[in-house]
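Dear colleague,

Please find below the structure that I am handing over to you, together with its sequence. My notes on what was found in it follow directly after.

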Amino acid sequence: MLAIGATLLCLVLAFSAAAEPRDAEALASEIMPPFSLGQSLGDAGGAGEVFELLNSGGAHAGYVFETGPIAPLPGFSGAVINALVVIDLEGRFIDVRLLDHNEPIFVSGLGEAPFHAFFEQYRGHAIADSLVVGTPYGESEATSSLVYLDGVTKATASIRIAHESVLAATLAVARERMQGIASGPPASPDMTYDEALDWDTLVRDGIVTHTTVTNAEVQAAFTGTEWEADDPEALEDPDAPYLDLWVVDVTPPAIARAVLDSDTQKDLARFAEVSGDDEFLLVIETARHGLVSEDFVRNTSPDRISAEQDGLPVALRDADLFVDFAAGVPSSWYDGVAMILRTDRRLGFDPSRPWTMEVMAAREHGMFQPTVGTTTLLAAQSTPERFFRRETPPEPVPPWLEALRGRALDMGVLGLLLMGAVGVLAGTSRKLAAHAWFTPMRLAFLAVVVGFVGWWGQGQLSIVTVLGVMRAAVDGGSFAFLAYDPFSLGVWAAAILGFVLWGRGLFCGWLCPYGALQEFAHHLGRRLGLPRIEPSERWEARLRPVKYVVLAVLLVLGLALPSAIDTAAEVEPFKTAITTGFQREWYYLAYALFWLLLGLVLFKGFCRFVCPLGAVMAIGGMIRQRDWIPRREACGSPCQLCKVRCSYGAIKANGRVAYDECFQCLDCVAIHDDPKTCVPLIIAARRKAAGQRRAAQAPVQRPVPAGAVASDMGPA
C-alpha cells in the first residue's frame, strides 16, 4: 500500500500549482467607490503585484494588492488563503476582503459568513497597530497597546493563518512602497519630564523654529508666470517679510509652560484628556501671509497649511483654542495670527523626528473667475528627543505561542488526559482489561473524548491535515500551520507515539471522537436487542482495502485539483458530527447519522472499511516496535475464541494479530488472561484438576511392620 501511495504521489507532482492571482480588471471590480484601481507599480519584493489606489479625483491615495502571491501561507487544505488588501498612504486599512480559500471548516462547515466578517475588522486599523487575534492575556485591554481582533470559534487555526498572511503581505508592501510608515508605536510626550526653560533656550535648542520668507523670494517663484505682477505689495517692498513663521510643539508640559499662559495650558490639558493621541503644534505668523484664507472655518483642516514627514502627508486640523502667551515671548507674537493645530500620532506622525510644514502662497489673476497660482514655502521643524518617551512595542510572540496561550487550560487538561491514557495502557493494560468494570470505565473515557477532545476542544483529527502537510511538502511550503492548532497537534503527537507502542490502536480505539460515537452506537444496539450484521471473511477481505482506495483518491485530488478537496474530504463525517456539532445542512447530517445508525448493527463500519484517516493510521502503525498482544501456541490452533470474539476482525485464523486493523479494545487481552474464558487456560486447568483427582483416587500403600511377612493367603 505504501508503494501504491508513493506511485500516486509521483504521478501527480507535476499537477501541483498555486492559485493564479487576479488580473487588473478582476481586481478593479473589487474596489469600493469612490476609489478605483490605478496602474500597476510592479511586484512587492519580487512576489505579488501591487497597484495604485486612486481617489475620486484620480489622485494617488494608496495601494491595492493580494496577500496570496506575496505571503503564500498554506491553510489546512494546503491551499493559500488569499485576501484583497486596500491601504491608504498613511498605512491605514481601507478594506480587507477575502478572495479565495479552501479552509474546510468554512467551505461547508461554519459557512463563509464568519470568515468574511473576520476580515472586516481590519478596516480603520493601521499598520503601526499591534494587531493580534484573540483576547487579552494577563492584562487589561485598556492598558495594552495591542489591538485584539475577534477570532471565530471552532476555526481558530484558520483565522490565525489568515491573519499572519494579511500582516506579512501588508508589511512587505509597506517596507517597499511606504518607507515613512511607522512600524511601531510613535513617540509620545513624556508628561512626567520637567525642565526649566526660557526664551533663549527654546530658540537655541531649536525647540521653537523661526522661518522668514521675503517678498522678493516669493516674487521669484512667480517670475515668468501670469501671476508675476499680481502682488503690488511684493513689488513695492521686496525686502519686507512675506512670511514670518514660528512653530513649536506645545504638547510636552515643559514647553507649553514656557510658551503659553496658564489659561491656555489648562484649555490644552482638557483637550488632551479627550483626545490623548493628538500632538499639538503652535503656529504663529507675524507677517502678511496670515496662515489661512478668509474662507477658512475653525476646527477644520487649514486650507493653506500642511505638513509632511518622511515624504508622507501629516494630517493637520485646527484645535479651535484661544491662544495667549507666557511672559518672555516676542511682542510681535501678539500682533500676528496664532493657531494650535493637532495631528493624530496613531497615523504615524513621530513628533521627536524632523518634519516639514508646508505653507501655500497663492495669487489670483483676473477680476472675474480669476485663475489661481500657488507656490509652497517650507519650514523645517523638530523637537528634541528628551521631551518624549518611546514605548518599546510589545514583542510579538510567535503565532504558535499565542495560540498556545489562548488554550492554556485546555492544553493542560488534554496533557493530563493523554499522559494518563498512555501511562495506563502502557503499564497496566492487562490488569485494566481484566478489571470487572473495564467496559464501563472504557465507555466513560470515550465519553470524555467525545465531549472534551471532540466537541469542546475541537481535537478531531482529519485527513485534511494530512493532505495539507503533503501539499506543503510538495510545494516546498511551511508546516507552520500545524502550530496554529496546538490542541489537535497534541492529539497528533499522542497518535504518533501510539504508532511506536501499539500501532493505530491508541488513536482509533481511544482518542477518535467520531470513533467513540460509533462505539456508543454499537453498545446501544446491543441494549436494544438489534441483530448484529457481520460480513463474512470473504466480504471483509474485499471491504478492508476500500479505505486505502479512498485515501489514494484524496491524495490525487489534494495535489492535482486542490479546489475539489474540500468536497471530497466530506467522505469523513467528522466535520458534521464533531466540528459543527451536527449543525449543518440536512444532507451532511443524513450522511453522518447514516454511519452511526449503521453502527447499531454493524460494528464501526466506517472506521473499519471507509475512513481515509484510518488508512493513514494503519500505514503509520507499521513503525510499531513490538507485538504487544500476548499469544500462546494454542491460539489459532486449536483455539479460535479470540478470533470469533474480535469485533474488528483483526485476528487471523492462525491466531496472528493484524495490528493494522487492531483498535486496541483489549478484549483479546482480557480473554487471554482470564482462566474462566481462555480455552487453553481452561483446558490446562481441567488437565491439572483431572491429574489431581487421579492422584487422590489411587490406593494408599500402608507400611509393613518389621518382622512381619506379607501373604496374600491369609493366616495358616
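In what order do the five strands of the open sheet lie, and is their pairing parallel or antiparallel? Please bear in mind that this is a predicted model. The order is S9-S10-S11-S15-S14, and the pairing is antiparallel. At the edges are strand S9 (208-214) and strand S14 (317-318), each of which pairs on one side only.

Two helices may be described alongside this sheet. Helix H8 (residues 215-222) packs on the sheet, where it touches S9 and strand S10 (241-249). The direction of H8 makes about 60° with that of S9. Helix H11 (residues 262-274) lies across S11 and S15, and it runs at about 145° to S11.

Strand S11 (residues 278-285) and strand S15 (residues 337-344) run antiparallel and are joined by eight bridges. Within this pair, isoleucine 284 stands opposite alanine 338 in S15.

Turning to the chain as a whole, the protein chain has 716 residues, of which 49% are buried. Its secondary structure comes to 28 helices and 18 strands. Of the contacts between residues at least 6 apart in sequence, 71% join residues at least 24 apart. The protein chain exposes about 34,300 Å², with carbon and sulfur atoms supplying 59% of that area.

With kind regards

Key. Residues numbered from 1 in each chain as written. Predicted model: local features only at pLDDT ≥ 70, side-chain atom pairs only at ≥ 80, totals over all residues. Heavy atoms only, no water. Helix = DSSP H or I, 4+ residues; strand = E, 2+ residues; numbered from the N terminus. Buried < 20%, exposed > 50% of the residue type's maximum accessible area, 1.4 Å probe, protein only. Contact = heavy atoms within 4.5 Å. Areas by Shrake-Rupley, 256 points an atom, 1.4 Å probe, with all protein chains shown as cover. Pairing = 2+ DSSP bridges. Axes fitted to C-alpha atoms, helices over the stretch in contact; angles between N-to-C directions.
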